[in-house]
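Subject: Structure for you to look at

Hello,

Here is the structure I promised. Please open it first, then read my notes below.

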Amino acid sequence: MPRERSTDADVDEVDVMLLDALHANPRASFERLGPALGISAVTAARRWQRLADSGRAWVSSVPGPNLALVGAVYQVRAQPGRVTEIAAALAAIPQVVSVYATDGAFDLHTLVFAGDMSALSTLLLDTLPQVPGIAAGQAQVGLSWYSGVRWQLGAMDTAQRRSVEAAAEANRTRPLRNRALDPADHALFLALQRDGRARYRELAGRIGVSEALVRRRLDSLVRRGMLSFRTDFARGEGGWPTEYVLWLSIPHHALDEIGAEIGRWPQTRISLSTVGSANLMVMAQVHRITDIGEVLDRIHHLAAEVGVVDQRLVLRAVKSWGRLLDSAGHAIDVAPVDPWAPVDR
């Protein structure tokens, strides 16, 4: 069995292995995780609690593949000296799920989600441009999401991964995107934003229903493809300190195939097709800044007609799927993701 650390100052190999397991199954019990990783359930629980308490790792609810949802990338040029002010203002908007400060032509790169095109249009045309300090904004509406939320860190072997993976939540080959949360399910989704591993009893207390009803609702939402979960971590400490954005131009006939292929790469966090001449947005992470070249070479070998329109480094992640982050990437607060919140005009 791996030796337990005596200090909680750093993230070690066992922590990364635990994070890898929780990426595969974010709500797996410690009784299931511990034996699969060669540690006790108590040790797994203690390590997770330390990671969560220090803001190094967290689990959140995410919309399932069958929920009605639309999204866009919104990029911002800021007035001089106002980048951090604008980033904080955007991060406070519940439909702005992630905010990144980048180098290059735009100062901020954000992801925006809404329940329908009417709400998304209002956000892109009215709400976001009114944030003080924005000099210019550019929106590109998303079409198809090729990447998942169960990323692999490469710390587990195949047998370990199989032992912790959850059963398939829903058939993801053809997302329906035609279902909606009722008010009770919406409340459960928001409660799970703060702690995606919260116990049924805790959730019942937060939303004011019985523990048995919470269990039935949660299990039903997952089974019907309306609810899922994702594990995140302070990526620099987990061995992935460099994140970047790529905009690719891909012929329409090859877009789905290439988008899906890139979405399967372990470095890829997001592979999203969009409207526009640069029609595939990729966000990925690497161990070293020089590794970006290897990813670009791999993209070039996919097809000769793929063009790299833009590439930008993420200088700082300000908000990552509802978590507000400090400069080291640690979670310091929650601004819950709520694509269905009323839209301010």
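First, the surface. The protein chain exposes about 15,500 Å². Carbon and sulfur atoms supply 52% of that area. Keep in mind that this is a predicted model.

Next, the fold. The protein chain has eleven helices and twelve strands. Its radius of gyration is 20 Å, close to the 20 Å that the globule rule gives for 345 residues, so the chain is as compact as a globular protein of that length. Along its principal axes, the C-alpha trace spans about 50 × 45 × 40 Å.

Now the inside. Of the 345 residues in the protein chain, 52% are buried.

On to charge. The protein chain carries 38 positive and 38 negative charges. How far apart are the mean positions of the positive and negative charges? They lie 6 Å apart.

Check its backbone: phi of Trp 321 is near 40 degrees. That is a positive value in a residue other than glycine. Is Trp 321 buried or exposed? Its relative accessible area is 6%. Buried means under 20%, so Trp 321 counts as buried.

Best wishes

Methods:
Residues are numbered from 1 along each chain as its sequence is written. This is a predicted model: local features need pLDDT of at least 70, side-chain atom pairs count only at pLDDT 80 or more; totals for chains, interfaces and linings use all residues. Side-chain values use heavy atoms; hydrogens and water are left out. Helices (H or I, at least four residues) and strands (E, at least two) are DSSP runs, numbered from the N terminus. The radius of gyration is taken over C-alpha atoms; the globule rule is 2.2 Å times the number of residues to the power 0.38. Buried means under 20% relative accessible area, exposed over 50%, partly exposed in between (1.4 Å probe, protein chains only). Accessible areas come from the Shrake-Rupley method with a 1.4 Å probe; for residues, only the protein chains shown count as cover. Lys and Arg count as positive and Asp and Glu as negative; His and the chain ends are not counted. The place of a charge is taken as NZ of Lys, CZ of Arg, CG of Asp or CD of Glu.
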